[in-house]
Amino acid sequence: MEPLILPKITDYHKIDVYESHGGYEMLRKALGMKPEEVTDVVKKSNLRGRGGACFPTGLKWTFMPKSREAGSRTAGQTEKPKYLCVNGDESEPGTFKDRAIFEFNPHLLIEGTAIACYAMGITTAYLYVRGEYIRWIRMVQKAVDDAYAKGYLGENIVGSGFSTNLYLYRGAGAYICGEESALMNSLEGERGYPRVKPPFPAQNGLWGCPTTINNVETIANVPIILRLGWETYAKIGAPKHPGPILVGVSGHVNKPGIYEMPTGALLTDIIYKYAGGVSGNKKIKAVIPGGSSTMILRGDAIEGVTMDAEGLKAAGSAVGTAGMIVMDEDTDLIKVITRITKFYYHESCGQCTPCREGTGWMFKILKRFENSEARMEDIDLLLDVANNIEGNTICALGDAAAWPVQSMIQRFRDEFERRVIKSSSILVGTTVAAH
Amino acid sequence: MLSDKSLQRIEELKKRYQRTQSVILEALWLWQEEHGWISDEGMKYVAGLLGVPPHHVYGVVSFYTMFNSKPVGRHKIEVCTNISCMLRNSERIVKHLENILHIKVGETTPDKRYTLMEAECLGSCGTAPMMQIGDEYHESLDEGKVDSILAGLR
C-alpha cells in the first residue's frame with residue numbers, strides 16, 4: 001500500500017507542495033456537501049479512533065447536538081458554541097506517531113480538522129500538544145499560519161461562508177491530559193483531573209459546551225476517506241477496523257521507527273519485515289503491542305496475531321496506540337514491569353484512592369521482586385492490588401496501570417517466582433531478630 | 001514582571017477562550033521562559049494578571065512536571081528512562097552524565113550550569129535512547145554523542 005498518512009514526498013509539510021498534490025481539495029469537496037453528509041461518509045468508512053479506544057469516529061460525531069437556528073425551538077439542539085479538541089498529547093510509553101504527522105504532514109491534520117469542524121458545525125478547534133513537543137508545536141504553528149494566509153482556516157473558508165478557527169495549546173507535562181476530560185480541564189486552565197462521566201463531552205464538555213475530542217491520527221484520516229471514498233477506505237486492512245495505521249516499533253528491533261501499513265498486519269511481519277527483525281537475531285520473549293497500557297503478550301504466542309482491534313482482543317490484548325515494544329529473550333521482565341508501574345505511579349492524578357494508593361503499592365511490591373526480596377505470597381498480593389484498581393476509578397488510567405501487571409503475572413508467573421527470596425528461614429530469622 | 005511582548009501575547013491569547021483562566025498555562029510558560037523558573041512572586045503575578053486566586057495558579061504549577069517550581073541550571077538535561085529507552089540502555093546514558101557532571105539525578109552542578117533529571121516517555125521511542133535539553137531533543141544517543149552535545153552547549 002502506498003502510504004496515505006505519511007506519503008514519501010519531499011517537503012510535503014510545506015503548504016505549496018501539499019497543495020500541488022491535491023492538498024485542501026477535500027476541504028473544498030466537503031464544503032460543497034451538506035455537513036451531515038460528511039459525517040455520514042466518515043461513519044460508513046468505519047474509521048475508528050486511533051488514540052487507543054478504537055471508538056467509531058463517525059458515530060462519535062453524531063453525538064454532537066445540532067446548532068439551533070434563531071427562532072427555532074427544536075428539542076435536542078443547542079444554542080451554545082461547540083468545540084473540537086484534537087488530542088496531540090501523545091504520552092503513552094512506546095507511542096511516537098502523532099509527532100510524525102506534525103513533522104511530515106501537518107496540513108493533512110489541519111485539513112481534517114477543518115472538515116471535522118464543518119461536519120459538526122464547530123467554529124473553534126483546539127489542538128492540544130504535549131509541552132515537550134515544543135519543536136513540533138512551532139512546526140505545526142507555521143503550517144496553521146500558512147493555512148490561515150491561504151484561506152483554509154478563519155473567516156469564510158475558501159469562499160464557502162463557513163468559518164472556523166484552529167488554535168494550538170501547549171500542555172506542560174502530564175500524561176493524564178491525554179485523557180479526554182482531563183484534556184478539557186487542562187484547556188480550561190485547571191489541574192488535569194479527569195471528569196466523572198456522564199455527562200459526556202458531546203453534551204457537556206469544554207466550558208460546559210458540546211465538545212468532541214479526536215486523536216491527531218484519527219483526524220488525519222478524514223481527508224483520506226473523502227479522497228478515496230468510504231467504499232474504498234472501508235476495504236483497506238481489517239474489515240471491522242479498516243484504514244491505514246501508523247505503527248511505532250521500539251525496543252529490541254534492528255530498525256525501530258514509525259511504519260504506515262493497513263490495519264490487520266501480522267505482528268510477526270511488523271517485527272521481521274518492517275522493523276528488520278530482532279537485534280542480534282535473538283528470540284522474542286515478549287511483545288507489548290499497543291503502548292505500555294496494553295496487555296503484554298508472550299513471544300511464543302504472537303504467531304498469527306494481527307494489528308487491529310479484533311485481532312489483538314482475541315489474543316488477549318489491545319491495539320491501543322499501536323506503539324509496539326519488542327523485548328528479546330534476555331530481557332528482565334520484572335525490571336520492565338517495575339518501570340512501567342513506576343510510570344503510572346508518577347502519572348496518577350491522585351483523585352481516586354484505588355489508583356493513587358494502588359499504583360504506589362504495586363510499585364513497592366514490584367521493587368521487592370526487582371531486588372529479589374519478595375515472598376511467594378507477594379505475587380497474589382500484587383494481583384489483588386491490581387484487581388482492586390481496575391474498574392474502580394474515574395478514568396482509564398487505573399485500568400491502564402492494572403492491565404500490564406495482571407497480564408505479566410498471568411503470562412510470566414515463573415519470572416516472579418524466580419525472584420522470590422530463596423529460603424523462608426531467612427524471613428523467620430529476620431522476624432526473630434526484630435523481636 | 002513580564003516583558004511588554006509577553007503581556008501583549010497574553011492579551012491576544014485571552015481572545016481565544018471563553019474564560020481568561022485558560023491562559024494560565026501559556027502565561028506560566030512565558031514567565032518560565034523569561035525567569036527560568038516559577039517563583040511564588042511569579043505565581044502571584046500571573047494570578048493578578050488573569051484575575052484568578054494565587055492558590056489556583058499554585059495548584060496548576062504543582063500539577064504539571066514541566067513547570068520548575070525551584071531554580072534549575074542553565075541547561076536542564078532530561079533523560080528518558082521509560083521502557084523503550086530502558087530497553088536500549090538509557091541507564092548507561094544517565095550514569096555517563098552523572099559521571100561527567102559529577103552530580104546525581106535531581107541535582108544541579110555548583111556552577112548552576114546543568115540540572116540532571118530523569119523523564120517519563122518523551123515520544124522518541126524509535127530513536128532511543130534520548131534526552132531533552134531545554135527545548136531540544138537529542139536522539140539515538142551513545143556516550144560519545146552525549147559528550148559532543150554537551151561540548152556544543154553555550
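The model is predicted, with local features needing pLDDT of at least 70 and side-chain atom pairs pLDDT 80 or more, while totals for chains, interfaces and linings use all residues. Residues are numbered from 1 along each chain as its sequence is written, and chains are lettered from A and ligands numbered from 1 in the order in which they are written.

Colleague: What is the order of elements in chain B from the N terminus on?
Modeller: Helices (H or I, at least four residues) and strands (E, at least two) are DSSP runs, numbered from the N terminus. Chain B has 7 helices and 4 strands. From the N terminus on, they run α-α-α-α-β-α-α-β-β-β-α.

Colleague: How many Å separate the centres of domain 1 and domain 2 of chain B?
Modeller: The domain bounds come from an automatic or database domain assignment. Domain 1 of chain B covers 4–63 and domain 2 covers 75–151. Taken over C-alpha atoms, their centres are separated by 29 Å.

Colleague: Which helix gives the most to the side of chain B that touches chain A?
Modeller: Two residues are in contact if their C-beta atoms, placed from the backbone, lie within 7 Å. By that rule, 33 residues of chain B are in contact with 42 residues of chain A. On the chain B side, α2 (24–35), α4 (54–63) and α5 (83–86) each supply at least two residues. With 4 residues, the one that gives the most is α2(B).

Colleague: Within what arc do the buried residues of α4(B) fall?
Modeller: A residue is buried if 20 or more other C-beta atoms lie within 10 Å of its own, exposed if 12 or fewer, and partly exposed in between, with C-beta atoms placed from the backbone. In α4(B) the buried residues are V57(B), V60(B), V61(B) and F63(B). They line one face of the helix, because seen down the axis of α4(B), by the directions from the helix axis to the C-beta atoms, they fall within an arc of 165°.

Colleague: Which exposed residues does the other face of α4(B) carry, the one turned away from its buried side?
Modeller: What covers the buried residues of α4(B) includes α2 and α3 (40–50) of chain B. The face turned away from the buried side carries H55(B) and S62(B).

Colleague: Which residue of β11(A) stands opposite G248(A)?
Modeller: Another open sheet of chain A has 5 strands in the order β8-β7-β11-β9-β10, with mixed pairing. Within it, β7 (residues 244–251) and β11 (residues 323–328) pair in the parallel sense over 4 bridges. Opposite G248(A) stands G323(A).

Colleague: Is S160(A) buried, partly exposed or exposed?
Modeller: S160(A) lies in the loop between α7 (134–149) and β3 of chain A. Its C-alpha is 8.4 Å from that of R28(A), which is 132 residues away in sequence. Because 14 other C-beta atoms lie within 10 Å, S160(A) is partly exposed.

Note on methods
Two strands pair if DSSP finds at least two bridges between them.
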